[in-house]
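These notebook entries record what I looked up in the structure and in what order.

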Amino acid sequence: MASSASGPQQHPLGIYLKIWTLLFVLSMFSYMVDYFDVQGVMRWTLVLLFMALKAGFILAIFMHVVWERMALALTILGPPMILLVLIFFMAVEGNYTEGARVQYLGHEANRSPLHVEH
Amino acid sequence: MSDSSTLDATASGIPAPQADGVTGFIKDWSADKQTYHVPWGKAMMWIFLVSDTFIFSCFLVGYMTVRISTADPWPLATEVFALSFFGSDPIPLILIAIMTFVLITSSGTMALAVNYGYRKDKKKTVILMCATAALGATFVGMQMYEWSKLIGYGVRPWSNPWGAAQFGAVFYMITGFHGLHVTGGVIYLLVVARKVWRGHYDKEGYEIVEITGLYWHFVDLVWVFIFAFFYLL
């Protein structure tokens, strides 16, 4: 946690312009992942990496969390961590439901979506 | 930390404990006084944003659950949101990419508005806040275009021509709720910008610009997750 000795009001403009540029570049990278049709594990890794970096920079710099006292920072970042448990439970539940649909209702799991006619 | 007493003094009258990091964290919570040494409006905005995080998370986790649990194929976002210009071949996901850039640009102008607010540069603050609002309105306009396009394709909350029926429900629910937040943010920005312009905060300080900025950056933050999970993955 950086010191907020000077308070949030005295940051030089430069850091905002740098982060702004960085967000542009990261968004461009995210889009390139789709544009060049990267698939599979690589797609997930890259998309989630760029997402985490963008979210981190917005929170830390634009929303000043890095300059806040730890009491406020943990109030912001702590409670949402419980969502990881929800995500885990619902992923397990979703997999079970899909398995049941395939096994008992005869749904075909490996079809491809239809293409879009523009 | 200890030097921030000027800010705290105007905010609450109680200076923050002279400790940082974990020690400061323990002192803030155990001092039996005020815990958050920020203006009350800022603390309340943060608490609102944390609760809003849970609402959006519920939508996104619900999206994950229906997408995992359906055996039907999920429509290809890259094709659904492709767009052709002047009769070119459709460029994949281009509209969403442009919307992302518009929103990031608006976050940048907002960050600058906060900075100029604390420098008490009223004119630049107001101009930058209005620019942010204009970019936000542009975003909503593009979203309306996107919605009308999908409605034209026959995407409904209960069906679509390409695959899993849940696609439409998730799309309208999540982007609709986010668009509502952007629309609310545009109105909020304009109201605060007008008050800044009229000198309402000349005496009591410009924290309100930062608080408005927190809301606006949050809307951008949510879009980062929607862009990744709904459009890219």
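**Entry 1. A glycine in chain B**

I located Gly136(B) in helix H6 (residues 122–153) of chain B; helices here are DSSP runs of H or I with at least four residues, strands are runs of E with at least two, and both are numbered from the N terminus.

I then listed the contacts of Gly136(B), leaving out residues up to four places away in sequence: Ser106(B), Val182(B), Gly185(B) and Val186(B). Contact requires that the C-beta atoms of two residues, placed from the backbone, lie within 7 Å. I also noted Gly179(B), which is 43 residues from Gly136(B) in sequence and 9.5 Å from Gly136(B) in space, C-alpha to C-alpha.

**Entry 2. Note on the model**

I record that this is a predicted model, in which local features need pLDDT of at least 70 and side-chain atom pairs count only at pLDDT 80 or more, while totals for chains, interfaces and linings use all residues. Residues are numbered from 1 along each chain as its sequence is written, and chains are lettered from A and ligands numbered from 1 in the order in which they are written.

I looked up Gly176(B) and found its place in helix H7 (residues 166–197) of chain B. Gly176(B) is partly exposed, with 13 other C-beta atoms within 10 Å.

**Entry 3. Chain B as a whole**

I counted eight helices and zero strands in chain B. Of its 233 residues, 41% are buried. The C-alpha atoms fill a box of roughly 60 × 40 × 25 Å along the principal axes. Among contacts between residues at least 6 apart in sequence, 62% join residues at least 24 apart.

I checked the domain assignment, whose bounds come from an automatic or database source. It gives domain 1 (1–37) and domain 2 (38–232) for chain B. The centres of these two domains, taken over C-alpha atoms, are separated by 34 Å.

**Entry 4. Helix H8 of chain B and its partners**

How do H7(B) and H8(B) cross, and at roughly what angle? Their axes come within 10 Å and cross at roughly 160 degrees; axes are lines fitted to C-alpha atoms, for helices over the stretch in contact, and angles run from 0 to 180 degrees between N-to-C directions. That makes H7(B) roughly antiparallel to H8(B), since angles over 145 degrees count as roughly antiparallel, under 35 as roughly parallel, 65 to 115 as roughly perpendicular and the rest as oblique. The residues of this contact divide into 15 nonpolar, four polar and no charged (Ala, Val, Leu, Ile, Met, Phe, Trp, Tyr, Cys and Pro count as nonpolar, Asp, Glu, Lys and Arg as charged, and the others, Gly among them, as polar). On the H7(B) side I noted, among others, Val182(B) and Gly185(B), both of which also touch Gly136(B).

I next examined helix H5 (residues 94–118) of chain B, which packs against helix H8 (residues 207–232) of chain B at about 160 degrees, with the axes 9 Å apart. H5(B) and H8(B) are therefore roughly antiparallel to each other. By class, their contact has 12 nonpolar, five polar and two charged residues. Trp216(B) and Trp223(B) are among the H8(B) residues that meet H5(B), and both also belong to the contact of H8(B) with H7(B).

**Entry 5. Between the chains**

I turned to the contact of the two chains, which takes 60 residues from chain A and 63 residues from chain B. The largest share of the chain A side, 12 residues, comes from H4(A). The chain A side divides into 37 nonpolar, 15 polar and eight charged residues.

Last, I examined helix H4 (residues 83–105) of chain A against helix H3 (residues 40–69) of chain B: the axes come within 7 Å and cross at roughly 20 degrees. The two helices are therefore roughly parallel to each other. Their contact includes Leu86(A) and Met90(A) of H4(A) and Val61(B) and Met64(B) of H3(B). By class it has eight nonpolar, six polar and two charged residues.

Technical notes:
A residue is buried if 20 or more other C-beta atoms lie within 10 Å of its own, exposed if 12 or fewer, and partly exposed in between; C-beta atoms are placed from the backbone.
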